[in-house]
Structures are given as structure tokens and as C-alpha cells.
Amino acid sequence: AIAFAKLSSLDCTDPTCSRDFTLHPFDENSPEAAVPSQSTSASTMQTQIAYPGTQAYDRLTGGVVDPSGGGNVLLVNHLDERVKPDELFNLFGTCGDVMKVKILFNKRDSALLEFRNPAQAKCAKDMLQGCPMHGRELHIVPSSKQYITIANSANNPDFEDSGLSREYRRSQMHRFKDDNSRQFQYIRPPCETLHVSNVPPHFDDQRLQELFAPYGVQHAEIFRKK
């Protein structure tokens, strides 16, 4: 079994049972290859995780994903009990690819969300912390769980038919499967302005505004390619 360790760095001072591969250049015959330099910093020794789009996420969140800071799963608290898994998928899917959503059966104001990788989970936590949803502000923390288990028996309360759990692995709405996806540049914290793509060519500003008017939108402007 493999799990994230709580250590932020490794002590490689004993050459009989450890080796530091961050040394550059690397020479098996050199003394440095057997005994790591005592001046090597913890930040240099810590291996950086390379997930799809990690560099893009680093620019957004201000740092490399720290394995001790959480894995793929987030715990979202302070939810309105009317919230459905699809709503959480749509909201958190703006920051990463949500694989599973599980609203807790005995605590309906909390839910677990599993992302494609820790970089996406960290980005979603940083971007959506305190986001208003149905009149309540979300409180998001890394979960101690490494993955979400969804029961496959109708006798279990978290079965998908209960409406509390759902898998999205095969969803066509995932935005961040491609490392070079343009969607990375659209990740932003919630604000009063929305960016809408794929607007039908026959739409004008007024028709677009009327479409969103029931949700409080008072102005819409279409940017046409020249």
C-alpha cells in the first residue's frame, strides 16, 4: 500500500540505508554520492510532484503541492442540505477534475470530493474557500481519506440512487485532462463577473443578458473575434 507521509523532508545522513538523488551532477563514485551534504536544504531534498498541469496550479496557488498538506480528497463543510452532488461537481470542476462526490449520510451539511490529483484538490481549496453557496459560506479542508468509496449495493445509504453519492470518472465535462488546456488560464476565485464560452453566433448582448436575467445578471457583453 502507498500513502502520503507526514514528513516534509528525509534525513539521508546514513549512507547504509539512504541516498540523496537531488545532488547534481550525480556520480556513483563520488564521495557525495555516498554521504549527502549536510548543507542540503529540506526544500531541495523534498521531491516535487509532477501531475498534469502542476506548473499552472503552482502559478495560481503560489507553491508546489506539499504531500503533507493533503491528498486527492477534500472535506467541504457548511453546505446547505439541499445541495446535490451535481452542483458540487459543477462548482469545484472549475478548478480541477472531480472524480467522485459523496455527501455524508449522517451529516448532510458536509461532503467529500475526490479530485484527479492533489494539485487540483489544493487549487480548489485555495480558490473556493469561503465561496457563498445557497446563502452559506463553504469551509474546505483536506480530508484524511486518500480516496472515496461509494457502495455498490442498494442496501447501503450512500448508494448512488439515494442521490447523495456519484462518480464522474467518465464525465465529458472534465476541463483539465490535457496539460496544455487553455482552461488553466480561466481558473479564478468567485467574483461577480462570469466568462461564458461557446455563445451561439446568432446571440447578441441583449439576448445573452435575457438568458441570465433570472439569476440576477444585469449586463452582458459579447466579444466577437475580429
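A residue is taken as buried when its relative accessible area is under 20%, as exposed when that area is over 50%, and as partly exposed in between, with a 1.4 Å probe and protein chains only. By this criterion, 36% of the 226 residues of the chain count as buried. The model is a predicted one, in which local features need pLDDT of at least 70 and side-chain atom pairs count only at pLDDT 80 or more, while totals for chains, interfaces and linings use all residues. Residues are numbered from 1 along each chain as its sequence is written, and side-chain values use heavy atoms, with hydrogens and water left out.

The chain has 6 helices and 7 strands, these being DSSP runs numbered from the N terminus (H or I of at least four residues for helices, E of at least two for strands). Along the sequence they follow the pattern α-α-α-β-α-β-β-α-β-β-β-β-α. With a contact defined as heavy atoms within 4.5 Å, 64% of the contacts between residues at least 6 apart in sequence join residues at least 24 apart.

The largest pocket holds about 2,200 Å³ of space. A pocket is here an open set of points, on a 1 Å grid over the protein atoms alone, where a 1.4 Å probe fits and protein lies on both sides within 12 Å along at least five of seven lines; lining residues have an atom within 4 Å of a point. The volume is the space filled by probe spheres set on the points, which are joined across faces, edges and corners. Of the 39 lining residues, Thr193, Leu194, His195, Val196 and Ser197 are the closest to the centre of the largest pocket. Helices α4 (85-92) and α6 (205-212) each supply at least two residues of this lining, and α4 gives the most, with 3 residues.

The structure holds 3 aromatic pairs, that is, rings of Phe, Tyr and Trp (its six-membered ring) whose centres lie within 6.5 Å, counted as stacked with planes under 30 degrees apart, edge-to-face over 60 and tilted for the rest. One of the pairs, formed by phenylalanine 176 and phenylalanine 184, is tilted, at 5.2 Å centre to centre and 45° between the planes. Phenylalanine 176 is buried, with a relative accessible area of 1%, and phenylalanine 184 is likewise buried, at 7%.
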